Amino acid sequence: MYDQQRADRICEALSQGQSLRKAAAAEGVSHVTVLQWIRDIPGFSDQYARAREAGWALLADELVEIADDSSGDSYQDEDGKIRVDQEVVARSRLRLDTRKWLLSKMLPKVYGDKVTQEHTGPNGGPVQISEVRRTIVDPKPSDGSGA
């Protein structure tokens, strides 16, 4: 049931940041079908990968927009005092955290946490490696006497 025009529209939706489920449903197919196309249709996996990369880049841009948008963060109460709308702030934080998590998992080399380990010796010097040899003596005689 593969149709290149349908596949193009799904990839276009993905490149605009839409989820695979929504993009596929809009074209009357399931996300499972699209995943089968990736496996079975020559060239489609590359098209899909490029669309996903574009969608992830768009998601990264949204992080800045969400963080910079403070339009709903506060309101004026009935006494005229400015109050922080904790629900709006929490929702923005959730939107940011979700996007950051997705990006760190989908593009870990670009958006993942970089972990490095360094080993140094005393006073920041080189690590000293030494060899220790021990001779183990069998406490039981090997002459078969048992004593």
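The model is predicted. A search of the whole structure finds 4 aromatic pairs. Tyr2, Trp37, Phe44 and Tyr48 form one aromatic cluster. Helix α4 (residues 44-68) packs with α1 at an angle of about 25 degrees, and its axis crosses that of α5 at roughly 150 degrees.

**Aromatic cluster**

- Tyr2 and Trp37 are one of the pairs, with ring centres 5.0 Å apart.
- Their planes stand at 90 degrees, over the 60-degree cut-off, so the pair is edge-to-face.
- Tyr2 lies in the segment before α1 (4-15), and Trp37 lies in helix α3 (residues 31-40). The two parts are 35 residues apart in sequence, so the pair ties them together.
- Tyr2 is partly exposed, at 26% relative accessible area. Trp37 is buried, at 5% relative accessibility.
- Phe44 and Tyr48 also pair, with ring centres 6.3 Å apart. Their planes meet at 45 degrees, so this pair is tilted.
- Phe44 and Tyr48 both belong to helix α4, 4 residues apart, which means a separation of about one helical turn.
- Phe44 is buried, at 1% relative accessibility. Tyr48 is buried too, with a relative accessible area of 13%.

**Packing of α1 with α4**

- Two packed helices are described by the angle between their axes and the distance between the axes.
- For α1 and α4, the angle is about 25 degrees and the axes are 7 Å apart.
- Angles under 35 degrees count as roughly parallel, so α1 and α4 are roughly parallel to each other.
- From α1, the contact takes in Gln4, Ala7, Asp8, Cys11, Leu14 and Ser15.
- From α4, it takes in Phe44, Gln47, Tyr48, Ala51, Arg52, Ala54, Gly55 and Leu58.
- By class, this contact of α1 with α4 has 8 nonpolar, 4 polar and 2 charged residues.

**Packing of α4 with α5**

- The axes of α4 and helix α5 (residues 86-106) come within 10 Å. They cross at roughly 150 degrees.
- Angles over 145 degrees count as roughly antiparallel, so α4 is roughly antiparallel to α5.
- The crossing of α4 past α5 is left-handed.
- α4 contributes Trp56, Leu59, Ala60, Glu62, Leu63, Ile66 and Ala67.
- α5 contributes Ser92, Arg95, Leu96, Arg99, Lys100, Leu102, Leu103 and Met106.
- The residues of the contact of α4 with α5 divide into 10 nonpolar, 1 polar and 4 charged.

**Ser74 in strand β1**

- Ser74 lies in strand β1 (residues 74-76).
- Ser74 is partly exposed, with a relative accessible area of 40%.
- Neighbours within four places in sequence aside, Ser74 is in contact with Ile82, Arg83, Val84 and Asp85.
- Ser74 and Gln86 are 12 residues apart in sequence. Their C-alpha atoms are 8.3 Å apart in space.

**Backbone at Asn123**

- Most residues other than glycine have a negative phi.
- Asn123 has a positive phi, near 60 degrees.
- Asn123 is found in the segment after α6 (108-111).
- Asn123 is exposed, at 85% relative accessibility.

Definitions and conventions
Residues numbered from 1 in each chain as written. Predicted model: local features only at pLDDT ≥ 70, side-chain atom pairs only at ≥ 80, totals over all residues. Heavy atoms only, no water. Phe/Tyr/Trp six-rings, centres within 6.5 Å; stacked < 30°, edge-to-face > 60°. Buried < 20%, exposed > 50% of the residue type's maximum accessible area, 1.4 Å probe, protein only. Axes fitted to C-alpha atoms, helices over the stretch in contact; angles between N-to-C directions. Parallel < 35°, antiparallel > 145°, perpendicular 65-115°, else oblique. Left-handed = near helix turned anticlockwise from the far one by under 90°. Contact = heavy atoms within 4.5 Å. Nonpolar A, V, L, I, M, F, W, Y, C, P; charged D, E, K, R; others polar.
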